[in-house]
Amino acid sequence: MSTIHGLTELRPATAKRQVYSPLEAYWNAFQEWRKREKLRTELCRLTDSELADIGITRGEIDYVASNHSFALDPLRWMSDIGTRR
């Protein structure tokens, strides 16, 4: 029977210091704006039938691109497949 002894090094827990930076807040807002603009551009390039396939109209593009709670998730429409209207 063998016994394995190991040495475990315990280090003091250090909290990561959070520093608020207004520049970081502006940078994050800028990045979010760029994502919305990219989404808006991609949606505008789709045809009307492609937009209908994902469940939006051309008039809803600005709303979809600016609304953070709206997700363009293909699985969202999976429940509609095979149902009669």
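Colleague: Where is the place of C44?

Modeller: C44 sits in helix α1. Keep in mind that this is a predicted model.

Colleague: Is C44 buried, exposed or partly exposed?

Modeller: C44 is partly exposed. Its relative accessible area is 44%.

Colleague: How far is C44 from R58?

Modeller: Their C-alpha atoms are separated by 7.5 Å. Along the chain, C44 and R58 are 14 residues apart.

Colleague: Let's step back. What secondary structure does the protein chain have?

Modeller: There are three helices and zero strands. Read from the N terminus, the order is α-α-α.

Colleague: Which residues make up helix α1?

Modeller: Helix α1 covers residues 22-45. Helix α2 covers residues 48-54, and helix α3 covers residues 61-66.

Colleague: What is the mean pLDDT of the protein chain?

Modeller: The mean is 77. Of the residues, 58% reach 70 or more.

Colleague: And which helix has the highest confidence, and which the lowest?

Modeller: Helix α2 is highest, at 93. Helix α3 is lowest, at a mean of 90.

Colleague: Why does pLDDT matter when reading coordinates?

Modeller: Where pLDDT is low, the predicted coordinates should not be read in detail.

Colleague: What share of the residues count as buried?

Modeller: The share is 11%, out of 85 residues in the protein chain.

Colleague: Give me a buried one. Where is R40?

Modeller: R40 is in helix α1. Its relative accessible area is 18%, so R40 counts as buried. The cut-off for buried is under 20%.

Colleague: What does the side chain of R40 make a polar contact with?

Modeller: With the side chain of D62, at 2.8 Å. The two side chains also meet in a salt bridge, 2.8 Å from N to O. This pair links distant parts of the chain. R40 is in helix α1 and D62 in helix α3, 22 residues apart.

Colleague: D62, then: buried, exposed or partly exposed?

Modeller: D62 is partly exposed, with a relative accessible area of 48%.

Colleague: What about E37? How does R40 meet E37?

Modeller: R40 and E37 form a salt bridge. The closest N and O atoms are 2.5 Å apart.

Colleague: Why are R40 and E37 separated by about one helical turn?

Modeller: Because R40 and E37 are three residues apart in helix α1. As for cover, E37 counts as partly exposed, at 28% relative accessibility.

Colleague: How many salt bridges does the count come to?

Modeller: Four. One of them joins the side chains of R58 and D48, at 2.9 Å from N to O. That pair also links distant parts of the chain. R58 lies in the loop between α2 and α3, and D48 in helix α2. They are ten residues apart.

Colleague: Is R58 buried, exposed or partly exposed?

Modeller: R58 counts as partly exposed, at 38% relative accessibility.

Colleague: Which residues do salt bridges that share partners join into one network?

Modeller: E37, R40 and D62.

Colleague: New topic. How many aromatic pairs does the structure hold?

Modeller: Two. One of them is W27 with F30, and that pair is tilted. The rings are 5.7 Å apart centre to centre, with 35° between the planes.

Colleague: Why are W27 and F30 separated by about one helical turn?

Modeller: Because they are three residues apart in helix α1.

Colleague: Which residues form the aromatic cluster?

Modeller: W27, F30 and W33 form one aromatic cluster.

Colleague: What kind of surface patch do W27, F30 and W33 make?

Modeller: A nonpolar surface patch. Its area is about 340 Å².

Colleague: Why can F30 be counted as partly exposed?

Modeller: Because its relative accessibility is 36%. Partly exposed lies between the cut-offs, under 20% for buried and over 50% for exposed.

Colleague: Can you recap helix α1 for me?

Modeller: Helix α1 holds F30, R40 and C44. R40 is in a salt-bridge network with E37 and D62. C44 has its C-alpha atom 7.5 Å from that of R58.

Methods:
Residues are numbered from 1 along each chain as its sequence is written. This is a predicted model: local features need pLDDT of at least 70, side-chain atom pairs count only at pLDDT 80 or more; totals for chains, interfaces and linings use all residues. Side-chain values use heavy atoms; hydrogens and water are left out. Patches are made of residues with over 30% relative accessible area and no salt bridge: like charges are joined within 9 Å, nonpolar side chains (Val, Leu, Ile, Met, Phe, Trp, Tyr) within 5 Å. Accessible areas come from the Shrake-Rupley method with a 1.4 Å probe; for residues, only the protein chains shown count as cover. Helices (H or I, at least four residues) and strands (E, at least two) are DSSP runs, numbered from the N terminus. pLDDT is the predictor's confidence in each residue, from 0 to 100. Rings of Phe, Tyr and Trp (its six-membered ring) pair if their centres lie within 6.5 Å; planes under 30 degrees apart count as stacked, over 60 as edge-to-face and the rest as tilted. Buried means under 20% relative accessible area, exposed over 50%, partly exposed in between (1.4 Å probe, protein chains only). A polar contact is a pair of N or O atoms within 3.5 Å; within protein, one must be able to donate a hydrogen and the other to accept it, and residues adjacent in sequence count only if both atoms are side-chain atoms.
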